[in-house]
Structure formats: structure tokens, C-alpha cells
Amino acid sequence: MALDMRDTVGAEHAGGPPPPPVPRRRRPGWAGPSVVRALVGAVGGYAFGHWVGNLIAAGYSNVQASGQNDVAVVLGLAIGVVGWLAGAGVFDYPLAKVVGREPLPPTPSRSWTRYFTPSLDHKVIGLQYAVVVLLFFFTGGLLAMAIRTELLSPTNHVLGPGTYIAVVGEHGTIMMMMASSIVVGPLGNWLVPLMIGSRRMAFPRVESCSLWLFAAGYLVILTALPLGGFPTGWTGYAPLQTQATAGMDSYLVGFAVVGMGMILAGFNLAATIINYRAPGMSWGRVPIFVWSILATSALLTLATPTLVIAGLFGVLDRTAQTAFFVNEHGGSSYLWENLFWFFGHPEVYIMALPGFGIVAEMLPVFTRKPLFAYRVGAAGMVGVALLSFFVWQHHLFQSGINPDMRPLFMLTTELISIPTGFIFLVGLGTLWRAKIRFEVPMLFALGMFFNFLIGGVTGVFLSDVPINVTVHGSYFVLDHFHYTIMGGLVFAFFGGLYYWLPKMTGKTLDKRLGQWHFWTMFVFFNLTFFPLFLVGLLGQPRRVFEYASNLQVLNDFSSVSAFFLGASFLIFVVNFVWCVFIDPKPAPANPWGSRGLEWQTATPVPPHNFDRIPVVLSDPYRYGEPDAPPVADLGPESLALAGVVAPAPLAGGPGGDAAPGGEADPRPPIA
Amino acid sequence: MSTATPGGGGEVHHFRRMVAVWVVLSVALDLVYAFVLGPHVPPGTMTSTAANQQSDFNVLFIIAVPVVLAVWVYGAYALITWRASRSGPGDPAADARAHSHLGVQIGWIATTTVLVLGLFVFGLVELVVSTGAGGGQGPDPLWTPTSHEVLPVQVIGQQWAFTFRYPTFGGFETHDLVLPDDTTIAFHVTSLDVIHSFWAYQLGVKADANPSEDNIAYTTTQQVGSFTVRCAELCGLWHGAMFNDGRVVPKDQFMVWAQTTERDSAASTKLLPPFSYTYVPDANGADGGYYPDNVDPYSNVETYGAASPGTSG
């Protein structure tokens with residue numbers, strides 16, 4: 001069976017004249033697939049689903065007794081998501097194929113409107129992901145400000161317990177959803193094809209679908225607030241989940257929707273990395289960032305289905321009155337805990353690994369040295385990914401479940417610090433006798449190492465069962481994972497943005513504002529979160545709106561620092577808006593002097609990435625070796641562009657299996 | 001812990017300076033910690049498990065200090081010494097050792113592995129020796145106390161309060177958690193609705209309260225004083241306000257308190273469901289009853305054929 005990929009990006013270079021198009025009338029612009037049409041579809045879908053749900057379940061005794069129809073809410077949200085995807089045009093192509101019509105070719109647009117329509121260009125999708133991720137991040141950040149405002153006083157309340165718990169749950173869930181895709185979505189989709197020398201992702205339509213699912217998840221989780229919020233925090237423990245009001249449905253459906261997007265993004269990236277590497281891009285030359293994305297993809301693909309299924313069980317418990325999680329009726333409250341953390345702990349590494357990849361990718365550029373112990377670093381990422389499936393019950397040390405398994409989970413949890421330590425070996429080894437340039441991305445990378453060390457070491461404390469007894473469920477745990485995710489991943493992500501945005505947007509960001517952003521973020525991050533270790537040790541449980549009055553000084557110190565931390569992101573917003581939209585300065589093609597393949601392209605990167613599929617000649621980290629070959633043979637024009645690291649056009653191919661200079665993509669589209 | 005140097009003249013010089021700074025800082029900080037801060041680390045020494053947790057925390061902290069300092073000292077040294085503004089033009093010449101160095105890699109992996117396995121053995125010993133370290137072990141505890149004198153205390157979590165029942169004193173129920181000094185306590189933690197977590201902070205005890213589950217945690221009191229109980233698992237609206245105070249008192253005072261309370265609350269104890277390690281809603285559970293079928297003391301509508309509360313015993 002042949003799939004028609006003619007209208008995907010780069011297909012015009014795929015060789016062979018395209019078959020004559022079947023003429024078909026194009027819709028007027030306003031009716032074409034777009035975010036507006038998607039919103040209309042979402043609202044219409046919600047109304048329809050809600051109506052159907054009322055038709056089905058309005059007479060149920062539990063609905064009449066409680067006045068709350070979860071069937072209507074769940075169906076509304078689910079069909080709303082379908083309407084959103086349909087409005088976005090995700091189904092246009094497959095449906096046209098199903099009914100045997102020739103699908104409409106995509107609008108060949110280079111205008112800004114293409115960022116608001118479904119795209120098949122991984123670079124457009126990457127930037128769309130970046131926007132949605134930042135929406136998630138700033139929404140969650142505002143909620144964090146609300147949390148810290150409430151905690152200014154132990155007894156005087158700004159929000160009150162109900163709103164506070166809704167805000168805490170919303171903050172946690174939004175941030176977790178965001179963090180699961182913060183790197184994989186924007187940077188993974190944008191960079192992976194460029195880094196491995198491909199013109200496209202393996203499944204561009206799946207890639208687009210994963211983005212629109214992710215965006216739908218944002219809308220679904222936001223509906224929890226008007227529906228009254230959910231009281232369970234991001235972990236959603238049953239049976240509290242089962243007794244919660246309608247906001248809980250948004251949590252379950254939202255996580256499932258984001259989860260499906262994660263699965264799609266994961267296998268798409270894995271398939272791309274495995275199958276779309278350019279000739280010469282052997283596993284020993286794959287950039288370390290790509291290794292981290294590959295390891296993350298495995299986790300996304302294998303761990304996330306558990307979350308989706310657990311969410312389905314939860315929805316059934318709440319609508320069809322099943323009893324998966326209700327002890328009294330044959331279910332088990334432990335079942336949710338097990339399923340959730342069986343996903344949840346790999347999820348934690350879904351959030352950590354791409355951060356490792358980013359900093360390891362940037363270090364050689366800013367130290368002008370090869371990446372130290374590249375193989376150990378890649379092995380560490382794969383090792384972390386494997387081990388992460390065997391640690392989940394360390395979240396349940398006091399739950400009363402399996403006391404005989406405690407030694408095992410203590411062991412596996414402590415073992416995972418060994419492959420994690422490999423990343424530090426890579427980082428520290430690369431700094432040895434280097435030439436360290438303190439550019440903004442490098443500052444973020446160093447900040448990531450500083451923060452993640454604290455987060456990692458406190459993780460070892462938590463893995464020790466006796467210590468876990470005292471700190472589990474306290475601010476100590478909360479602080480530990482804020483140090484790893486916020487201090488690690490988010491620092492790495494912003495480093496990555498400062499590093500790659502000049503390539504992604506073609507505009508230079510302001511260095512001075514970037515430095516201000518880093519230093520305020522770094523200082524106030526540590527001032528916000530370091531006191532919380534003490535708060536946790538001194539006995540403050542998580543998710544409380546009242547606390548012991550002797551902890552007010554520490555809490556207030558943390559809260560005030562948190563407000564400054566929140567403000568530090570405004571510097572980034574100002575920098576981004578000013579330098580990209582108001583006063584743009586074009587960025588050079590390779591501002592950091594990197595050997596990375598993605599930097600050897602023109603800026604802005606042409607839609608088909610490479611005029612000719614590059615032939616990779618060496619790994620991208622061979623700095624300080626005057627006789628090292630350029631990273632790839634890109635064809636005569638492109639090599640001249642590369643300037644810094646590829647001074648002379650390569651005369652002829654260096655041998656190897658692929659013939660350089662061929663006009664045709666040596667990997668034809670799926671046929 | 002710091003990466004060993006890959007040999008060579010100038011490199012040894014850098015390495016020696018790093019190690020010197022690292023050793024001095026590590027020893028100084030560890031000494032300050034061990035003698036000044038360590039004895040005050042939560043959760044204190046009120047019970048055997050609390051003391052055990054405190055000493056574990058201190059041991060891990062004392063090990064963590066040199067590990068963290070190794071990275072910080074190395075990092076600070078590298079950032080100062082090898083910053084670009086102090087380097088010459090051009091990239092530093094990279095030889096094979098800049099890509100990888102077998103000795104350094106093996107040394108790093110071996111060191112971290114030994115450290116981690118050592119921590120595991122230590123944690124395992126501490127877990128077993130302190131009979132589960134104060135954590136909830138479920139209905140069939142693996143590590144049980146050898147003492148013959150174990151006081152069972154039931155902790156019932158419900159939205160949003162903890163109540164305590166003393167089965168050896170007629171099963172009376174109270175909001176005051178009073179414990180005898182120098183006694184091994186078996187907490188039987190259960191819940192009537194959602195998951196709570198019984199966290200007796202100064203006692204070094206934490207056990208989740210699951211509905212229909214009896215989660216047992218052991219500790220041995222060794223000091224008198226008061227302590228705080230908080231819920232450590234998000235359980236809904238008033239989770240943040242779910243706390244009690246408790247106290248550990250000398251044994252004779254405890255006996256007086258327990259016998260007095262048992263006598264004074266005898267009338268209300270009769271209204272309670274008989275003591276049980278878990279409480280499951282019965283056929284009437286739909287309206288919130290946790291009572292055997294023949295007792296429904298609060299029903300003003302119908303008693304489903306049960307005898308009146310006063311006579312049902």
C-alpha cells in the first residue's frame with residue numbers, strides 16, 4: 001500500500017514529477033483549518049456531548065441525588081476534544097482518504113498565519129509547541145504566585161481552603177502536563193530532524209495531531225476551574241477522586257488527552273530518530289540531545305498508556321459507577337496509586353532526561369572542547385530510562401502496600417543515581433581545562449547542574465526508607481522535585497531557548513536582558529526553594545493552607561522570593577517580544593560557533609531543511625582538533641555558509657556507503 | 001569523588017589544589033554539622049524511630065557534604081581557572097583524553113556504585129533494626145518488635161479529623177492521643193472514607209490511612225513530652241486543618257488517664273461500632289453508617305429492623 005506523502009514538506013525534492021493534481025475547490029480562508037475553527041469545534045462538541053450526557057444519565061438516581069451529571073461533563077469534554085481536532089483539520093486527510101476523495105493540498109503559506117493552522121512542517125509545529133508550552137508554563141506560574149500568596153500567613157486566608165486546593169491541583173497538573181512536553185514538544189520536534197540530517201519527521205500528520213492534542217489538554221484542564229476545581233492535587237488519589245465534584249472529570253479527561261499526545265509524540269520521535277538519520281549518522285555520532293530524546297520517547301511511549309488507562313478507570317468509576325478504586329466494592333485505593341506511579345515515575349524522568357540532553361549538547365560549544373565520555377552519557381540516559389520503570393513504589397513506602405518490596409525499591413531508587421551521575425561525569429569532564437565562555441545559554445546550563453545536584457542528592461535522602469518516613473508528604477519532597485524539574489528541566493529549557501531561538505526565529509535575543517533573566521531566576525529560585533527544605537523538615541505537610549505559626553518567617557521569605565522569581569520571567573517575555581517582534585535584529589546562521597548539524601543550515605531554515613541530504617562525516621563535538629573533518633558534507637553552497645567550522649568546501653565525498661552529491665533524497669518517502 | 005586527573009604535569013597541579021580545598025571544606029562542614037546542627041535535626045529523639053530517622057538523616061548528610069562539595073569545588077575551580085577571558089586564542093587542543101578517559105570513567109562509576117550500594121545496605125539495616133522505621137507496614141508487618149508489652153492504638157482517619165481507639169481499654173474513642181513512656185506502640189491506622197496519612201511528627205511515625213485497610217506502624221517511646229499529629233496525604237477541603245496534639249506521659253499517669261477515660265466514656269463507647277481493625281460500610285452504608293446491621297444509632301427515620309441503640313450493646 002502506498003501512502004501519499006506528496007504534500008509533506010520537502011516532498012518537492014523527493015524526485016520524480018508529482019502526478020497531476022486532481023482539481024478540487026479550495027475552501028475560503030476563513031473556513032479552512034485553523035485555531036478559530038478548532039475553538040468553534042470544541043465549543044460545539046462540548047455542547048453536543050453535554051446534551052447527549054444529559055439524555056443518557058439525567059434520570060440516574062446518583063445524578064438526581066447529587067445534582068451533578070458526570071456523564072454529561074465527561075462526554076462534553078471528550079466530544080469537545082474531538083470537535084477541536086476536527087476543527088483543526090486533523091481528520092481532514094484520513095477522512096478524505098477513507099471516502100476515496102483526493103485530499104486538499106495544504107495551503108502553501110509563508111505568512112504568520114501558518115502558525116495558527118495545522119502544519120506538516122516540523123519547524124512550524126515546534127514553534128507552535130513552544131507557544132502552547134509557554135502558555136501552560138505561565139498559567140501554572142500564576143497559580144504558583146497565588147499559592148505563595150495564600151501561604152504568606154499561617155492563619156489569615158486570601159483564598160480559603162476550597163479555592164486553595166483547586167489552585168494547588170491546577171498548578172500541579174498544568175505544570176506536570178507542561179513539563180512532560182516542554183522539551184520534547186518544542187525543541188524535540190524542531191531540532192531532531194535537523195540534528196539527524198532529515199527533511200522531516202517520520203509521521204508529520206501524527207506530529208501535528210500530537211500538538212493539537214496537547215493544546216486541547218490545556219483547554220480541558222482549564223475547564224476544571226469553572227467546574228469547581230479538583231481536590232486531589234496532581235496525583236489524583238482515589239477514593240477522594242471518586243467523591244470529588246465535576247472538576248475531577250477535567251483532570252481525568254485532560255490527563256488522558258495530554259497522555260495520548262505524549263504517546264503520539266514519543267513514537268513519532270523514536271521512529272524518526274531510528275529511521276531518518278542521514279547517511280553517516282551512526283549511533284556513535286548522534287548528538288547527545290537526540291539520545292536524550294530517544295530515551296524520553298521510549299518512556300513516553302511505554303509509560304503513558306498506563307496513565308490513559310488509569311484515567312479511563314477513574315472516569316468509569318465516576319460515571320458508570322464501576323468500583324476499580326473503591327475498596328468497599330471490591331476495588332482498591334492502592335490500584336490507582338500503583339497505576340498512577342507506574343506512569344508517574346517514568347514521567348519524572350520524561351522531565352529530567354531532555355534537560356540532561358540540552359545541557360550536554362551546549363557544554364562542548366561553550367567550552368570549545370569535545371563532549372567528555374559521550375558513550376557513558378548516552379548509556380546513562382538509556383540506563384535512567386530503563387531503571388525508571390522499577391522505582392515507582394518508593395512513592396508508597398508508608399502506604400501499607402508490600403512492606404517486603406521496600407528493600408527492592410530502596411535499592412532501585414538508589415541505583416538510578418548511578419546513571420544520573422554519568423551526566424555529571426560528562427559535564428565535569430567537559431569543563432576540565434576548557435575555554436569556558438559565559439554566554440547566556442551556558443549560564444543556564446551551569447545553573448541546571450547546580451540545582452539538579454541539590455535535587456538529586458535530596459532524592460537519595462528520600463530513597464532511604466527511614467528518612468522517607470519523616471519527610472514523605474512534606475515540603476521536603478515538594479522541594480526536591482521543584483529542584484529537579486524547575487531547577488533542572490526548566491533551567492535547561494530556557495538555556496535551550498536562548499541557545500536555539502536565534503536559529504528558530506532568525507532573530508538575535510538581547511544578551512544583557514538574558515543575563516538579567518538568568519541571574520534573577522537563579523538567585524530567586526534558590527531563595528524561594530532552599531528555605532522550603534527546612535520548612536519540610538520542620539514538619540509542614542504539602543498542600544496545606546494552614547501551617548504552624550513558627551514557620552511563618554521561612555514561608556514568607558520563600559513567598560517574597562517566589563514573587564521575584566515570577567517577575568524574572570517577565571524579563572524573558574520582554575526580551576523575546578522586543579527582539580523578535582518590535583526591534584528584530586537578524587541572527588547569524590551560527591552565532592555560537594557550533595559544529596552541530598542544525599547550525600550548518602541557513603537562517604531561517606528553509607522548509608525542506610537541507611538542499612541535499614547531508615552526508616555526516618563526524619560527530620558534532622570535535623572542537624580543538626584542527627584536522628577534524630566538518631560535521632557533514634552539505635553540498636557546495638551550504639558549506640560556504642557554515643563558515644566557522646567548515647572553512648573549505650569538501651572536495652568529493654570521503655567514501656562511505658552513500659554517494660554524496662546526489663540530488664535525490666537517498667531515503668525516499670514511505671512507499 | 002572528584003574526577004581523577006588524567007595524568008600529566010600541569011594537570012596534577014590543578015587536581016592537587018582542588019583536592020586540598022575539597023578536603024578542608026568537607027571536613028570543616030561535616031564537623032560543624034555533626035556537632036552543632038545534627039543533634040537538633042528533626043524529628044528529634046522522642047521515640048526509637050524518631051531517633052533512628054534523625055541519625056539516618058545525619059549519616060546521609062555527612063556523606064552528602066563531600067559529594068556535593070566535590071562538584072562545587074571542581075566547578076568553581078574550573079569556571080575561575082579555565083574561563084575564556086584567561087585563555088589564549090583558538091580552541092584548547094583536544095587529544096583523545098578529551099573525548100574519554102577510561103581510568104576516570106571507571107573510577108567515577110566504581111565510586112558512585114560503591115557509595116550507592118553502601119547507602120542501600122545502611123538503609124536496609126536501619127529499616128529492619130527499627131522494625132520498619134516507623135512507617136506503615138500494612139496488615140501483615142514484616143518487621144515486628146520483640147517486646148511482649150505492645151500497646152495497640154487504633155488511628156481512624158476521616159474527613160477531616162483523626163480519632164484514636166484503645167482496644168485494650170474497652171475500645172474507647174478519643175481525640176487526645178496519649179501514650180505511655182518507654183513502651184512499644186503498635187499504631188493500627190485505617191480510614192473511613194478517603195486516603196489520609198497519620199503523621200505523628202515528633203514520634204517519627206507515618207502511615208497512610210486507607211479505607212478497609214489496617215496499616216500497622218511500630219515505635220517505642222523514650223521521652224515524655226507533647227507532639228503534633230498532622231494529615232500528610234491530601235484528603236480534600238480541610239486537609240490543611242486536620243491536626244491533633246498528643247502527648248507522651250509516664251506509664252502510671254497513662255494508666256490513670258486511660259482507666260478514667262474508659263470509665264467516663266463508657267456510655268458513648270456503647271454507641272460506637274464494636275472495635276474492629278477496619279470499618280466497612282454496611283448495607284446502610286449508603287447514608288454514611290459504619291455500623292453492624294442491627295445498630296443504627298443516629299437514624300431518625302428507620303432502623304432497618306434493628307433494636308434500639310440503648311439495648312443493642
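## A cis bond in chain A

Pro239(A) is located in the loop that runs between helix H8 (204-222) and helix H9 (240-243) of chain A. Here and below, helices (H or I, at least four residues) and strands (E, at least two) are DSSP runs, numbered from the N terminus. The peptide bond between Ala238(A) and Pro239(A) is cis, with omega about 5°.

This is a predicted model, in which local features need pLDDT of at least 70 and side-chain atom pairs count only at pLDDT 80 or more, while totals for chains, interfaces and linings use all residues. Residues are numbered from 1 along each chain as its sequence is written, and chains are lettered from A and ligands numbered from 1 in the order in which they are written.

## The two chains

Chain A contains 21 helices and two strands. Of its 671 residues, 62% count as buried; a residue is buried if 20 or more other C-beta atoms lie within 10 Å of its own, exposed if 12 or fewer, and partly exposed in between, with C-beta atoms placed from the backbone. Among contacts in chain A between residues at least 6 apart in sequence, 81% join residues at least 24 apart. Two residues are in contact if their C-beta atoms, placed from the backbone, lie within 7 Å.

Chain B has seven helices and ten strands. Of the 313 residues of chain B, 38% are buried. For contacts in chain B with a separation of 6 or more, 67% are between residues 24 or more positions apart.

## Where the chains meet

In the interface, 78 residues of chain B are in contact with 74 residues of chain A. On the side of chain B that touches chain A, two or more residues each come from helix H2 (48-81), helix H3 (96-99), helix H4 (102-129), strand S6 (196-200), strand S7 (205-209) and strand S9 (225-231) of chain B. H2(B) gives the most to this side, with 13 residues.

By class, the side of chain B that touches chain A has 42 nonpolar, 27 polar and nine charged residues. In this grouping, Ala, Val, Leu, Ile, Met, Phe, Trp, Tyr, Cys and Pro count as nonpolar, Asp, Glu, Lys and Arg as charged, and the others, Gly among them, as polar.

## An enclosed strand in chain B

Strand S8 (residues 215-220) of chain B is largely enclosed by the rest of the structure, because six of its six residues are buried. Both faces of S8(B) are covered: one side carries the buried residues Asn215(B), Ala217(B) and Thr219(B), and the other carries Ile216(B), Tyr218(B) and Thr220(B), also buried.

S8(B) pairs with strand S5 (residues 184-191) of chain B in the antiparallel sense, over six bridges; two strands pair if DSSP finds at least two bridges between them. Within S8(B), Thr219(B) stands opposite Ile185(B).

## Backbone features in loops

Chain B also has a cis peptide bond, from Pro42(B) to Pro43(B), with omega near 0°. Pro43(B) is placed in the loop between helix H1 (9-37) and H2 of chain B.

Gln321(A), a residue other than glycine, has a positive phi near 60°. Gln321(A) belongs to the loop between helix H11 (288-319) and helix H12 (333-367) of chain A, and is partly exposed, with 14 other C-beta atoms within 10 Å. Ala133(B), likewise not a glycine, has a positive phi near 60°. Ala133(B) lies in the loop between H4 and strand S1 (150-158) of chain B, and counts as buried, with 33 C-beta neighbours inside 10 Å.
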